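Colleague: Could you walk me through this model, starting with the side-chain contacts? I'd like to see it first.

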Amino acid sequence: MTAELTPLDELQCLRLLSGTAVGRLVYTVGALPAVMPVRYRIAADGSVLLHAHTDSEITRAVADAIVAFEAGELDEADGSGWSVTVLGRADVTSDTEEGRTNPAVVPAPARTTGRVTIRIRPELVTGRTLPGSPAYEA
């Protein structure tokens, strides 16, 4: 028997995302899919914010591109949990520029000179919960 996924509304999705700090950025490199674990936070407007080095592969690949971002939690014991996906355009700005235009954004620490903020503006936010189920026995 397969457990049914329960859809979440956008507000529930953003609330769940606000409670975690690590997700996965999905982008393309040379027309091939790539996935990178990243630290992130959710801005007041629902955007996903993360930091990267100015000259990193991620920065070059996502600038002004449509990307996906996914985060979730799963319980290894019973399989229960949730997953949220955000699809949207990624904007890349210098950390100092982002701090000037959006006072709610705290720039990366001074030691991270040469870093940028990647802002994923949500165009589609979807999420699901997965109920727990008894472990399978061999």
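Colleague: In which strand is Thr-117 found?

Modeller: Bear in mind that this is a predicted model: local features need pLDDT of at least 70, side-chain atom pairs count only at pLDDT 80 or more, and totals for chains, interfaces and linings use all residues. Residues are numbered from 1 along each chain as its sequence is written, and side-chain values use heavy atoms, leaving out hydrogens and water. Strands are DSSP runs of E (at least two residues) and helices are runs of H or I (at least four), both numbered from the N terminus. Thr-117 is in strand β8.

Colleague: Does Thr-117 count as buried or exposed, and why?

Modeller: Buried means under 20% relative accessible area, exposed over 50%, and partly exposed in between (1.4 Å probe, protein chains only). Thr-117 has a relative accessibility of 1%, so it counts as buried.

Colleague: Which side chain makes a polar contact with the side chain of Thr-117?

Modeller: A polar contact is a pair of N or O atoms within 3.5 Å; within protein, one must be able to donate a hydrogen and the other to accept it, and residues adjacent in sequence count only if both atoms are side-chain atoms. At 3.4 Å, the partner of Thr-117 is His-51.

Colleague: And which side chain makes a polar contact with the side chain of Arg-119?

Modeller: Arg-119 is also in strand β8, and at 4% relative accessibility this arginine counts as buried. The polar contact of its side chain, at 3.3 Å, is with that of Ser-47.

Colleague: Which residues have the most contacts inside the largest nonpolar core?

Modeller: A nonpolar core is a set of buried Ala, Val, Leu, Ile, Met, Phe, Trp, Tyr and Cys residues joined through side-chain atoms within 4.5 Å. The largest one has 27 residues, and elements giving it two or more include α1 (10-18), β6 and β8 (115-130). The residues with the most contacts inside this core are Leu-17, Phe-69 and Ile-120.

Colleague: Within what arc do the buried residues of α1 fall?

Modeller: The buried residues of α1 are Cys-13, Leu-14 and Leu-17. The arc is taken from the directions from the helix axis to the C-beta atoms. Seen down the axis, the buried residues of α1 line one face of the helix, because they fall within 95°.

Colleague: With which side chain does that of Thr-20 make a polar contact?

Modeller: Thr-20 lies in the loop between α1 and β2, and counts as buried at 15% relative accessibility. Leaving out residues up to four places away in sequence, Thr-20 touches Tyr-40, Ala-71, Glu-73 and Trp-82 (heavy atoms within 4.5 Å). The polar contact, at 2.3 Å, is with the side chain of Tyr-40.

Colleague: How are the rings of Tyr-40 and Phe-69 arranged: stacked, tilted or edge-to-face?

Modeller: Rings of Phe, Tyr and Trp (its six-membered ring) pair if their centres lie within 6.5 Å, with planes under 30 degrees apart counted as stacked, over 60 as edge-to-face and the rest as tilted. That rule gives 1 aromatic pair. The centres of Tyr-40 and Phe-69 are 4.7 Å apart and their planes are at 65°, so the pair is edge-to-face.

Colleague: How many residues apart in sequence are the parts tied together by this pair?

Modeller: Tyr-40 and Phe-69 are both buried. Tyr-40 lies in the loop between β3 (32-39) and β4 (41-42), and Phe-69 in strand β6 (residues 66-74), so the separation of the parts in residues is 29.
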